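Here are my notes on the protein–DNA model you passed along. Have the structure open while you read.

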Amino acid sequence: MDDFVTALGGKSGNFQGKFDYVLTHSYGHILQLKEPQEMVSEDKKTRYSSWRSLKYFPWDENDFSWAKRIVPGRSKTLKEIRDAAKDCDGIIIATDDDPSGEGDLLGWEIVNAIHWKKAVYRIRFEDQAPKSIIAAMKRMVNVTNQMEQGEYLEALARQRFDLLSMQLSRIAMIYAKKAGYKPKTMRIGRLKSAIVGLIFDRNTEIENYVKKPYFEVKFKDQNGNLFSRKFDPDKDQFRYSVRQQAKTDLADYVASSIVIDEKKLKQQTPPPLVDLGQIGILVGAKGYKDKEIIKTYQDMYQAQIVSYPRTEDTQVTLEQFNELLPLVDQIANVIGVDSKLLTRRKPRAKFITSQAAHGANRPGVKVPKSLEQLEKRFGKIGVEIYQVVAKSYLAMLAEDYVYEAQKAHLAKYPDFRASIQLPKAMNYKLIFDDRDLSEEDEATAHEFKDMAQPFVYEGANPKPGKPTKKFILNYLKKHNIGTGATRLQTLAEISSGKGSLAALIRGGYVLNYEGQVQAILSKGSMIASPKITKRLFDGMDRVKRKELDYQLIPQSMQTIVRHDMPIFENNATSLDKNATLQKLASKHQTKTINKKVVAGEKVTGDFNGEQISFNQTWGGHKFTKKEVADLLAGKKIRISYCSKKGTDKIVSGKLAKQTYKGRSFYGFKPEF
DNA sequence: GCAAGGTC
């Protein structure tokens, strides 16, 4: 709103002699759809609250009133808008120009919630520069009839489509239970299922990987540069599965001199500015959790230390570029980058766009005094975030990375070739090294030597890589699922807290019991396919252009559900056959049993002069009255219990004060 | 119990 105050000349006033205005703001969604069972008539409540019977699916979208409720904590904002609009003749919904129509949706949600009956107008600004805001004001259109406004309808269609996808979680739960599995919950949706499916596929590939070593003659110079022949499995026969065969081959080769064929100087421009997903990758690599990163970035944005987090832009406008230009030396100084490297201070086409609402993630207009000051306010994680964002931005102002590409072959055996890249001038790479963002490792390069020696090289079919954060975010980016921010957000949601489906273990995501069950059930379904988002977006685009009735999009969820139900049903027969799930299932069962024990009956009594209570059951064994008395007396007792592996065992132990997750309690302490 | 979208 501050940008509007600046552009229009005050919080209220007159716009170019045309009309009086008063400014007020909103943020995010002020309203959200009610729960399914709250949006249907009384007689249908059973159907739409059920998690039990398949007969209730697919849902009929015509049964829904699509009523909304205020998001907890947002009623104050709604009241402020209602009060500000009281004496006005019209409301102008003003947001950036987002192709998904989300701004129209959240604007209309408010307008409808305050029962506004007068005119509604719409403006979309390209960026927050005063002249862009004025230009947007001049393009104002009357949109009073909301059901005629394509952008509103496409977003409404998306919202209803996504809500209806909820039913697939219930369907999956029913099939899981039928097959004898008891996940706490299922979380199936086009975003979460795409991620879960990707993790599942990668980990399955890793489990099924069988290393197949191969052996062939290669050459190596003293710098370790490898010379090898191009291998075509259909034609060539120099690659063997047995070392001895390659050794026999080796006898035919002697050392050879190296002939350099080509030396070419090449350049590489700095990489595009980082998005929030990439910030998540780089800061996450230092050991910080996605949720912390998102939260801290948001806090830093509000303090104007960094720009808007949830941007879809990968470039900046000329205005945004010029706004930061006078600050770059100061920024460089704070993060310890040599200002002398920042020699490209004129905008370069690669990084500049004529249209960007918020502009790519970059440092904000408030430059912190020092990293120490930044750490005081936002912690070490804030320092890491700022460094990544600032370095990515400053790299853009540095010269291209220059390297020499060399190609060579062996004088005696011209089929053996090698190519290397020799760095000549690091330039932007001295500020920001983008290697950390790519999947492949770049080998360090050394000059070719004069001679190369033959040897038996051992290779193998490549092992699939773990599903890392980098891998998942890059995949989602490639399929255009979510923005940098929502991708990171969803990944964070999937891997932590209540309802989590996976955990990040040693750099790779591993599905938990719930995640594994839902991945198996939804394998090959439409909802889990990354294509579903593409299809949804295409449909939304047609709604916006008035080529498609918006109601057909929510309706299409019926087709998806009809298509996916038999797939879930068939997949349920694979649950018992999945070895990983079987392992997780036995752990899950033990956990559930242990939980019940913890929540079980307590006994109380005097222990060392203190009135205490402790669990009467341990490891499935319920202490007898005598055992309880002995324990309270501090005596050692022997009991038979059920181990975590499910076998019966004997253990002795005493009553003792213990701690669990930082909380002390009294209970039976076994002596293993 | 279930989605995905948004965040002065």
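The points below take the DNA surface and then the salt bridges.

1. Ground rules. This is a predicted model, in which local features need pLDDT of at least 70 and side-chain atom pairs count only at pLDDT 80 or more, while totals for chains, interfaces and linings use all residues. Residues are numbered from 1 along each chain as its sequence is written, chains are lettered from A and ligands numbered from 1 in the order written, and side-chain values use heavy atoms, with hydrogens and water left out.

2. Who sits around the DNA. There are 38 residues around DNA strand B, and R170, M173, L191, Y308 and R310 come nearest; "near" here means that a heavy atom of the residue lies within 4 Å of the strand. By class, that surface splits into 12 nonpolar, 14 polar and 12 charged residues (Ala, Val, Leu, Ile, Met, Phe, Trp, Tyr, Cys and Pro are nonpolar, Asp, Glu, Lys and Arg charged, the others, including Gly, polar).

3. Which helices do the supplying? Helices are DSSP runs of H or I with at least four residues, strands are E runs of at least two, and both are numbered from the N terminus.

4. On the phosphate side, a polar side-chain atom of R310 lies 2.8 Å from a phosphate oxygen, and a polar backbone atom of L191 is 2.6 Å from a phosphate oxygen. For the bases, look at W51: an N or O atom in its side chain is 3.3 Å from a base nitrogen.

5. Salt bridges. The count comes to 37, taking a side-chain nitrogen of Lys or Arg within 4 Å of a carboxyl oxygen of Asp or Glu. E80 and K76 form one at 3.5 Å, N to O; both lie in α3 (residues 75–85), four residues apart, about one turn of the helix.

6. A longer link. E216 and R239 pair at 2.8 Å, N to O. The two come from distant parts of the chain, 23 residues apart: E216 in β8 (213–221), R239 in the loop between β9 (226–227) and α9 (243–250). E216 is buried at 0% relative accessible area, while R239 is partly exposed at 28% (buried is under 20%, exposed over 50%, partly exposed in between, with a 1.4 Å probe and protein chains only).

Methods. Polar contact = N/O pair within 3.5 Å; in protein donor to acceptor, adjacent residues only side chain to side chain.
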